[in-house]
Amino acid sequence: MAFDLIDTVTVGSGGTAQINFTSIVAVDDADLKVVISGRSSASGIATEYRIQLNGDSNSVYYTRGIAGDGSSSPSTRTVGPTTFWENLSLQKNGATANTFGNAELYIPNFSQPTSGGYMGAAAAFMAVSENNATEAYQGFAAFYRDVDEAVTSIKIYATVGNFMEHTTAYLYQLS
């Protein structure tokens, strides 16, 4: 399996509200993978990542996930339909100084039609944030988007705050 880097976004000084990967070209039997090292400017320990595909802000996104903080029982949730996918564990500015959380979004067969829809409408997401205290969040989710179209762009943004300087996101194509 080839692992080809398609694009890299590194946030500059002042931060940014969102990270965008645009003009994703359809490739038969290929998957997409986004890897993020990120931090939000919001105060506190952790917030959520939000994701939209193809500029679609309609209520067609579904999330089923589990999240934990390292000290209490994990919580599960099923959300949808909403106007975005969402998962916990974007490092906030109140967590350990100069430490970035990590996340990965995996979209299999992002351009392949199947009976009843596109496999590109399904995805998996995992993220962790670190804090040298009693809280360290981790979240895992399965995503579904009820739309029959290939993925051509990905928008990632935080529930609160902006992505801070040095946040970096990589888009890979696996074929």
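Are tyrosine 49 and phenylalanine 125 buried or exposed? In this predicted model, both residues are buried. Eight aromatic pairs, stated as a count of 8, are present in the structure. In the pair formed by tyrosine 49 and phenylalanine 125, the ring centres lie 5.4 Å apart and the planes meet at 65°, so the arrangement is edge-to-face. Because tyrosine 49 belongs to strand S4 (residues 46–53) and phenylalanine 125 to strand S11 (residues 122–128), this contact ties together parts that are 76 residues apart in sequence.

A stacked pair is formed by tryptophan 85 and phenylalanine 143, with 4.7 Å from centre to centre and 10° between the planes. Tryptophan 85 lies in strand S7 (residues 85–91) and phenylalanine 143 in strand S12 (residues 138–145), so parts 58 residues apart in sequence are tied together by the pair. Tryptophan 85 and phenylalanine 143 are both buried. One aromatic cluster comprises Tyr49, Tyr61, Trp85, Phe125, Phe143 and Phe163.

Charged groups also sit over aromatic rings: the charged end of arginine 50 is placed 3.9 Å from the ring centre of phenylalanine 84, and that of lysine 155 is placed 4.9 Å from the ring centre of tyrosine 157.

Strands S11 and S12 belong to an open sheet of 8 strands, ordered S1-S14-S3-S8-S11-S12-S5-S6 with antiparallel pairing. Strands S1 (3–10) and S6 (75–82) stand at the edges with a single partner strand each, so one side of each is left without a neighbour in the sheet. Neighbouring strands are turned by 15° against each other on average, direction ignored. Within the sheet, S3 (residues 31–38) pairs with S14 (residues 168–174) in the antiparallel sense over 7 bridges, and isoleucine 36 stands opposite alanine 169 in S14.

Notes: Residues numbered from 1 in each chain as written. Predicted model: local features only at pLDDT ≥ 70, side-chain atom pairs only at ≥ 80, totals over all residues. Heavy atoms only, no water. Pairing = 2+ DSSP bridges. Helix = DSSP H or I, 4+ residues; strand = E, 2+ residues; numbered from the N terminus. Axes fitted to C-alpha atoms, helices over the stretch in contact; angles between N-to-C directions. Phe/Tyr/Trp six-rings, centres within 6.5 Å; stacked < 30°, edge-to-face > 60°. Buried < 20%, exposed > 50% of the residue type's maximum accessible area, 1.4 Å probe, protein only. Lys NZ or Arg CZ within 6 Å of the ring centre and 35° of its normal.
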